[in-house]
Amino acid sequence: MNGLLLTFIVALVLAMFFIVFRMSNLVSILRSKNKKNEEVDISTNNFHAYLFLLLPLAGTIWAFWYASRHMTLWGQPEASVHGAEYDWLSKIAHVIIILMFLVTNTGLFYFAYKYRYKRNNKATFYPDNTKLEVVWTIIPAIILAILVFTGWNLWRKVTKDAPENAIQIEVVGKQFNWIARYPGKDGKFGGYNFRYTDDINELGLDFTDKNVNDDFQATELVLVKGKPIQLKIRARDVIHSVSLPHFRQKMDAVPGQPTTMWFIPTKTTQEMREELKTNPEYLKPDPSTTKGDPADIKARWETFDYEIVCQEICGRGHFSMRMRVVVLDEKEYEAWVAKQEPFVVKNKEYVLEAVKRQMKMKQNAGQAFVENVKNTD
Ligand SMILES: [Cu+2]
């Protein structure tokens with residue numbers, strides 16, 4: 001409804017501009033009957049010059065108004081060790097970008113207005129100024145180099161090898177959901193092969209590899225506060241992107257090319273909810289709870305959850321590609337792990353059949369290889 005109203009208002013404003021423009025044109029045509037053609041041009045020219053002042057001003061005011069109204073939920077607090085550093089860099093970059101935007105665009109539109117055609121104005125011939133060129137090349141170059149270097153430095157931190165005590169979790173993206181796999185007690189992931197993938201064995205686990213035996217899968221990502229977490233990321237079909245906005249983490253999930261990143265969560269889900277209580281936006285009711293019984297209405301902070309969202313447009317169901325992330329303290333995490341059942345145990349009958357198939361496939365591949373070698377003689 002609001003969207004329709006907004007479209008209607010925009011159409012109305014555009015129509016108004018058009019009518020004003022037509023009217024001023026007609027007026028100048030009428031006037032021109034008594035005057036020289038030259039002056040007709042000047043009157044529409046002035047009208048355009050005023051538009052040059054009006055449009056950017058209205059656009060900028062609208063953009064700031066829109067941002068203040070609709071982006072209140074965007075500035076969510078960070079919840080990872082490097083998150084604070086990231087936020088600081090992001091703020092600096094935004095201050096510079098907004099300042100430069102205001103300075104350059106004010107100049108662009110104001111000069112278009114100021115130096116509009118006037119009959120007695122004469123242009124000055126001013127071909128170049130080396131000093132000026134050097135200054136406005138070197139200053140932005142230095143600022144950009146600093147921004148790029150500090151950003152790259154932070155990027156290196158989260159993509160280099162994780163500390164040895166890191167908890168490793170595999171995150172696999174597929175159209176359209178995420179699957180998490182934990183390596184189990186041995187701390188080692190079992191192998192996989194995309195040829196083994198089917199409806200049940202979604203990750204293509206290789207059951208002939210004994211490291212698979214204690215691997216367990218989860219439909220939500222469970223993390224520990226204060227412990228390094230390394231994500232091993234892959235994709236099954238197209239490019240997806242693992243985005244963890246609260247942990248200020250993002251990494252593409254690329255088919256056939258595993259990627260990694262690591263971070264340390266600093267707030268459990270419960271602690272984050274308590275923190276959000278102080279934000280007036282989060283005291284408002286969660287829209288998803290307001291439809292049923294009024295007794296079930298919950299505030300936004302109560303239903304808050306960390307999440308992985310896909311940040312690469314990956315197909316029709318992209319908008320729903322989301323996984324809940326839960327941060328627990330170490331004790332709670334251990335209790336959760338103890339409750340998890342390895343995939344092999346959960347799907348015993350399936351695995352017994354699948355392992356036969358996989359052995360046969362390996363055997364066939366082996367035979368084909370031997371024959372190939374023989375044929376090369
Ligand atoms: Cu996706």
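Reader: What is the bridge partner of Ser243 in E7?

Author: Ser243 has Lys250 as its bridge partner in E7. Please keep in mind that we are looking at a predicted model.

Reader: How do you know that strand E6 and strand E7 pair?

Author: Two strands pair if there are at least two bridges between them. Strand E6 (residues 240-244) and strand E7 (residues 249-253) are joined by five bridges, so they meet that cut-off. The two strands run antiparallel, and they form a hairpin with four residues between them.

Reader: Which residues does Ala299 touch, not counting residues up to four places away in sequence?

Author: Ala299 touches Tyr282, Leu283, Lys284, Pro285 and Asp286. Take Tyr282: Ala299 and Tyr282 are 17 residues apart in sequence, but 6.5 Å apart in space, C-alpha to C-alpha.

Reader: What order do the strands of the open sheet follow?

Author: Five strands form this open sheet, in the order E3-E2-E1-E5-E8, with mixed pairing.

Reader: Why are strand E3 and strand E8 said to stand at the edges?

Author: Strand E3 (216-218) and strand E8 (259-263) each have a single partner strand, so one side of each is left without a neighbour in the sheet. From one strand to the next, the twist averages 25 degrees.

Reader: How do strand E1 and strand E2 run, and how many bridges join them?

Author: Strand E1 (residues 167-174) and strand E2 (residues 177-182) run antiparallel and are joined by five bridges. As one example, Gly173 stands opposite Trp178 in E2.

Reader: What is the peptide bond from Gln175 to Phe176 called, and how do you know?

Author: That bond is called cis, with omega near 0 degrees. Most peptide bonds are trans. Phe176 sits in the loop between E1 and E2.

Reader: Which residues of the largest nonpolar core touch the most other members?

Author: The core has 39 residues, and Val171, Leu221, Leu223, Val242, Phe263, Ile308 and Val325 touch the most other members. Leaving out residues up to four places away in sequence, Leu223 touches Ile229, Pro265, Val325 and Val327.

Reader: How do you know that domain 1 and domain 2 touch?

Author: The domain assignment gives domain 1 (16-118 + 143-159) and domain 2 (167-350). Their centres are 40 Å apart, taken over C-alpha atoms. Contact here asks for C-beta atoms within 7 Å, and 13 residues of domain 1 are in contact with 16 residues of domain 2. On the side of domain 1 that touches domain 2, helix H3 (83-114) and helix H4 (130-159) each supply at least two residues. By class, that side has six nonpolar, six polar and one charged residues.

Methods:
Residues numbered from 1 in each chain as written. Predicted model: local features only at pLDDT ≥ 70, side-chain atom pairs only at ≥ 80, totals over all residues. Axes fitted to C-alpha atoms, helices over the stretch in contact; angles between N-to-C directions. Domains from an automatic or database assignment. Contact = placed C-beta atoms within 7 Å. Nonpolar A, V, L, I, M, F, W, Y, C, P; charged D, E, K, R; others polar. Core = buried A, V, L, I, M, F, W, Y, C linked by C-beta atoms within 7 Å. Buried ≥ 20, exposed ≤ 12 C-beta atoms within 10 Å, placed from the backbone.
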